[in-house]
Amino acid sequence: MKKKKIVVIGGSAAGPKTAAKARRLDEHAEIILLQKDKDLSMASCGYPYYVGGVFDNRNELISTPTGVVRDPRFFLNAKGIDARTETEVIAIDPQNHSVTCKHLATGDVDTVNYDKLVICTGARPVIPPIPGNDLKGITTLQSMIDADFLRKVRDEKSIKKAVVIGGGLIGIETCEALHLAGIDITVVELAPQLLTFLDWEMAEIVENHVRAKGANVITNNGVAAFLGENGQLTGVKLANGTELPCELAVVAIGVRPNVALAQEAGLSIGSTGGIVVNEFMQTSDPDIYSAGDCVESYNMITGKKVHAPMGDLANLQGRVAGENIILGNSVSFPGVLQTGICKVFDFSAGSTGLTEATAKNRGYDTYETVVNTSPDKPGFMGAGLLISKMLADKNTGKILGVQCVGTGNVSKQLATATMALTGGFTVEQLINLDMPYSPPFSLAIDHFVATAHLMQNKLKGRLQGISPCLVHEKLENNEKPFILDVRGPDEYEQMRLGIGETLIPSGVLRQRLDELPQDKETEIICYCKISLRGYEAQLVLNAYGWKNVKVMEGGVMAWPYPREK
């Protein structure tokens, strides 16, 4: 029986996973892995933490859990895979089922034949086409070479000022890494906010936290030019003319699918710029598959094609491709929710599914939102704060998306939400979830379930919520709602918004109703620290005849604007 010959292009995440899965299903197949870089199977999402000094041994980025470096010898001995590093594929010939390779160390060129080919060429960092982009001191954080360079910068402590261009996942993680090295950091973001996978008000809470840690943030401004002397970076000029002196600039404005080989081979490229694949990870050529950051994916909520360059997805797609090239198209990859999370100093921030902004852009007009602020566990167990925003369809009750930020266990919230989205759960199916409970891990009613409770109350018309953004907009438009703060005096003295609020603690509200506007049609907006007491105040006022009472969702802790105190 003829051995199958499998060739995989790309040795970062999707490629090694494809090759390893194929080997497990066929011990006798000939599997060749071609990698342009020197390193293999890099944990690229760990680069910022290596740069930041969380760990010091770079080999941990390319090692197994038992500490064995994943080099060509490891792949050959442990996996039976012929992994060839520093080998660049320069052409694919689908008609003759072959690829042309160039060995970078020697310049030698040869041809490798295949029965099945898998393209896992990843994505390339976007470098702005502006003056000075070839100066020394400008880098990305997309490769081990980049990570080594920035780690050297950290260790040598010779650089005082740096600019991070781009406020996405990599930009924010790089900001923290360099800030921890004692470098004066400025983050420049063209969009009106950091972390565009969050809605503005959620991202603003994160931005406030970044600023509180000592980093500078500039939004709504792009980079017009890199400035330098004698070939060395000395500063960054912004679109508004501001010049920021710096010796280092890290460009983190996104990536584009690396599809040149696929395009030249005649494979279909989608509207997102990624290689078109079906649910089996099969390209327009039946003998060529593709996985990872170079492909476009199906969004399971919108039904649209998206580019989702995430390490976990690359591994999952590689696993599907690896099985199908051996056993035929027997397993499928269903699509993505575009789940993302990042660490921001001692904050975390993440999202899964639709944000309100993406819902609006996609033309949804039947969604509802709710914001929940609460601890992740009891205060006596060292609680961390969580602020979540949930979207649900008003008609079906199905969850559409969840965002979460804070010092608490954000990852748990997003993991639960991802399962709910994948299962197509409705709010009513979530309100009685039998979640694991013990004080070291959660509240008796988990934060996620409590968020679902709020959404249920809102969909049933019980909670008349209003977002902090809409409250702020009303005040900016010189509207005069009666703002009712129902916290205690001690809380009010520690922190207050200063938006013309009246303090009437919830414990004495029923005795002081005469201090409220006696016109029962007057708009009253209630809040407390997290707005649980605000909701209870709304119900009390409704019971006494006030008809236009709203709760500012999330309370003081979700207020993204400056506070008086």
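Visitor: Before we begin, what counts as a helix here?
Guide: Helices are DSSP runs of H or I with at least four residues, numbered from the N terminus. Please note also that this model is predicted.

Visitor: Which helix gives the largest share of the lining of the largest cavity?
Guide: That is helix α6, spanning residues 200–212, which contributes three residues to the lining.

Visitor: And how many cavities of 30 Å³ or more are there?
Guide: The structure holds one such cavity. The volume of the largest cavity is about 50 Å³.

Visitor: Which residues line it?
Guide: The lining of the largest cavity consists of Glu201, Met202, Ile205, Val371, Ile387, Pro468 and Ala558. Six of the lining residues are nonpolar, one is charged and none is polar.

Visitor: Changing topic, how is the protein divided into domains?
Guide: Domain 1 covers 5–123 + 256–327, domain 2 covers 138–253, domain 3 covers 346–459 and domain 4 covers 465–558.

Visitor: How far apart are the C-alpha centres of domain 3 and domain 4?
Guide: Those centres are separated by 24 Å. Seven residues of domain 4 are in contact with nine residues of domain 3.

Visitor: What area is buried between domain 3 and domain 4?
Guide: About 650 Å² is buried there, with carbon and sulfur atoms giving 61% of that area. On the domain 3 side, Val371, Thr373 and Lys458 supply 58% of the area buried against domain 4, more than any other three residues.

Visitor: What does lysine 458 form a salt bridge with?
Guide: Its partner is glutamate 553, and the closest N and O atoms are 2.4 Å apart.

Key
Residues numbered from 1 in each chain as written. Predicted model: local features only at pLDDT ≥ 70, side-chain atom pairs only at ≥ 80, totals over all residues. Heavy atoms only, no water. 1 Å grid on protein atoms, 1.4 Å probe; cavity = no way out; pocket = protein on both sides within 12 Å on 5 of 7 lines; lining within 4 Å. Points joined across faces, edges and corners; volume = space filled by probe spheres on them. Helix = DSSP H or I, 4+ residues; strand = E, 2+ residues; numbered from the N terminus. Nonpolar A, V, L, I, M, F, W, Y, C, P; charged D, E, K, R; others polar. Domains from an automatic or database assignment. Contact = heavy atoms within 4.5 Å. Buried area = accessible area lost by both parts, 1.4 Å probe. Salt bridge = Lys/Arg side-chain N within 4 Å of Asp/Glu carboxyl O.
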